[in-house]
Amino acid sequence: MVFSSLQFVLLFMPIFFTCFYLVPDRWKNIILLLGSFTFYYVGTTQAPVHFLLLIMSIIVDFLVGLGMEKKNDLKKPLLTAGVLFHLISLCIFKYSNFICAELVKAFPDFPIVTEMILPVGISFYTFQGLSYIADVYRGKEKAEKSLLRFAVYISMFEQLIAGPIVTYGQVRKELKSRSITVRDAISGMEIFTFGLGLKVLLANPIWKLWSQTLAIGFDCISTPLAWMAVLAYSFHIYFDFFGYSLMAIGLGKMLGFRLPKNFDHPYISLTMTEFWRRWHITLGSWFREYVYIPLGGNRCGTARTLLNLLIVWLLTGIWHGAGYNFILWGFLLFVIIMIEKLFTGRFLSEHAFLGHIYMMILIPLTWAVFAVSDMDQLRLLFTRLFPFFGQGMWSIFRYDYLKYLGQYYPFFIAGILFSTKLPYRLLERIKKPAVTFLLTLAILIASLYCMYRGFDDPFLYFRF
């Protein structure tokens with residue numbers, strides 16, 4: 001079940017929130033847990049072991065937290081056991097297919113293992129569990145004594161399958177007691193609907209240009225169409241994930257939680273360093289808090305700082321998926337950020353025009369590496385993006401880009417506009433509830449119509 005589906009919007013939400021708001025406050029966590037388990041179970045009916053893995057993760061982390069608090073002499077072994085449980089789970093379910101495929105290439109007689117299906121959201125709830133046991137180990141948080149509250153923390157459906165990544169300390173108080181006003185519920189629904197609109201009305205349509213380009217083949221497209229395609233992918237991944245994060249934040253507000261902001265207009269950044277402070281903020285915070293700082297951060301000299309950054313960015317690439325392109329993507333980001341840190345960062349930050357031009361080129365190129373898993377196809381795509389490396393600018397159909405530009409230019413204009421702060425500032429200035437209501441209703445109706453017509457593509461980040 002995904003947020004941008006009729007099943008969720010017209011069935012799950014009305015039933016769940018009716019029950020949630022009608023029961024007394026002391027029962028709300030139980031309703032939220034049952035709703036979250038139902039939400040996740042519906043998405044795992046073809047692989048019930050995935051649901052059992054979520055339950056096991058909750059129990060393991062809960063017991064590890066309690067054990068570390070009660071048995072000080074066992075803190076390190078318990079932490080190690082908890083970390084190994086999560087790492088082994090990730091390796092089995094997320095990386096075993098890739099590892100086995102590479103072993104078969106190297107050793108043709110290597111036995112083929114049954115292909116694993118990736119559990120939805122495993123990377124996100126795994127990171128939440130790891131952050132919890134790490135915080136308890138360091139004494140930053142007290143172990144949660146209620147299995148109910150801890151299970152709600154890990155499994156909250158609004159952020160279970162694609163974030164934002166929420167640490168226990170960010171929601172500890174709300175897990176015990178929270179108040180939900182009518183204004184919170186209305187505001188949450190408005191945020192949810194706006195995120196739904198970004199996903200269904202902008203991310204989905206512009207995705208089709210990228211998918212059409214894949215169907216044509218990179219060897220048959222012109223250089224202008226190649227750049228249009230990677231730009232379309234760049235807009236899609238942003239509004240897909242940004243839209244989901246807004247929906248999660250809106251749902252959290254309707255449930256009485258203040259989930260952290262996950263995006264801060266990253267496409268207006270002047271450097272790649274700034275971009276990754278604004279993009280997927282909770283993931284960046286997680287790696288900074290639980291990997292970069294424990295490795296020494298920037299406290300041990302330039303060489304060690306760069307090594308720590310390399311480790312973080314390689315892990316960031318691997319976290320996103322099993323494939324050489326993700327490793328290359330992580331390494332490429334490290335190189336760019338290293339160059340900015342040592343040489344160009346301050347200059348670009350002080351010269352906004354050049355910084356924007358620089359990022360307008362780099363953002364689509366880095367997303368191209370992220371998007372194409374086949375290294376031969378990735379090489380071919382770059383020969384089309386930079387024709388002096390390949391067959392020249394033009395394809396068999398010389399003006400192919402004009403055809404697709406005529407179809408997709410409204411979405412490119414909308415993508416550029418909604419990548420800036422302008423539309424959001426205008427929305428914030430709308431003080432009349434009637435206007436806000438009508439705008440929200442219009443977005444909801446348009447989104448439902450597109451979903452009804454079958455335009456509700458799955459969220460891209462579900463694969464991670």
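1. Helix H18 gives the largest share of the lining of the largest pocket, 8 residues. Helices here (H or I, at least four residues), like strands (E, at least two), are DSSP runs numbered from the N terminus. Please keep in mind that this is a predicted model, where local features need pLDDT of at least 70, side-chain atom pairs count only at pLDDT 80 or more, and totals for chains, interfaces and linings use all residues. Residues are numbered from 1 along each chain as its sequence is written, and side-chain values use heavy atoms, with hydrogens and water left out.

2. Staying with that pocket, its volume is about 1,000 Å³. It has 33 lining residues, and Glu190, Ile191, Phe194, Leu427 and Glu428 lie nearest its centre. The elements that contribute two or more residues to the lining are H8, H9, helix H17 (422-428) and helix H18 (433-452). By class, the lining holds 17 nonpolar, 6 polar and 10 charged residues. For the classes, Ala, Val, Leu, Ile, Met, Phe, Trp, Tyr, Cys and Pro count as nonpolar, Asp, Glu, Lys and Arg as charged, and the others, Gly among them, as polar.

3. On a 1 Å grid over the protein atoms alone, a pocket is an open set of points with protein on both sides within 12 Å along at least five of seven lines, a cavity is a set where a 1.4 Å probe fits but cannot get out, and lining residues have an atom within 4 Å of a point. Points are joined across faces, edges and corners, and a volume is the space filled by probe spheres set on them.

4. How many cavities of 30 Å³ or more does a search of the whole structure find? The search finds 1, and about 30 Å³ of space lies in the largest cavity. Its lining is made of Met272, Phe275, Trp276, Trp329, Leu333, Ile363, Thr366 and Trp367. Helix H10 (272-278), H13 and helix H14 (352-371) are the elements that give two or more residues to this lining. The lining has 7 nonpolar residues, 1 polar residue and no charged ones.

5. On to salt bridges (a side-chain nitrogen of Lys or Arg within 4 Å of a carboxyl oxygen of Asp or Glu): the count comes to 12. Glutamate 190, one of the residues nearest the centre of the largest pocket, pairs with arginine 183, with the closest N and O atoms 3.3 Å apart. Arginine 183 is partly exposed at 49% relative accessibility, where buried means under 20% relative accessible area, exposed over 50%, and partly exposed in between (1.4 Å probe, protein chains only). Asp135, Arg138, Lys140 and Glu289 are linked in a salt-bridge network.

6. Arginine 258 and aspartate 184 form another salt bridge, at 3.4 Å from N to O. This pair links distant parts of the chain, 74 residues apart: arginine 258 sits in the loop between helix H9 (223-255) and H10, and aspartate 184 in helix H8 (residues 182-216). Arginine 258 is partly exposed at 43%, whereas aspartate 184 is buried at 11%.

7. The side chains of arginine 278 and aspartate 264 also meet in a salt bridge, with 3.9 Å from N to O. Arginine 278 lies in helix H10 and aspartate 264 in the loop between H9 and H10, so the pair ties together parts that are 14 residues apart in sequence. Arginine 278 is buried at 15% relative accessible area, while aspartate 264 is partly exposed at 25%.

8. Most residues other than glycine have a negative phi. Histidine 265 has a positive phi near 50 degrees; this histidine lies in the loop between H9 and H10 and is buried at 14%. Histidine 280 has a positive phi of about 40 degrees, lies in the loop between H10 and helix H11 (281-292), and is buried at 1% relative accessibility.
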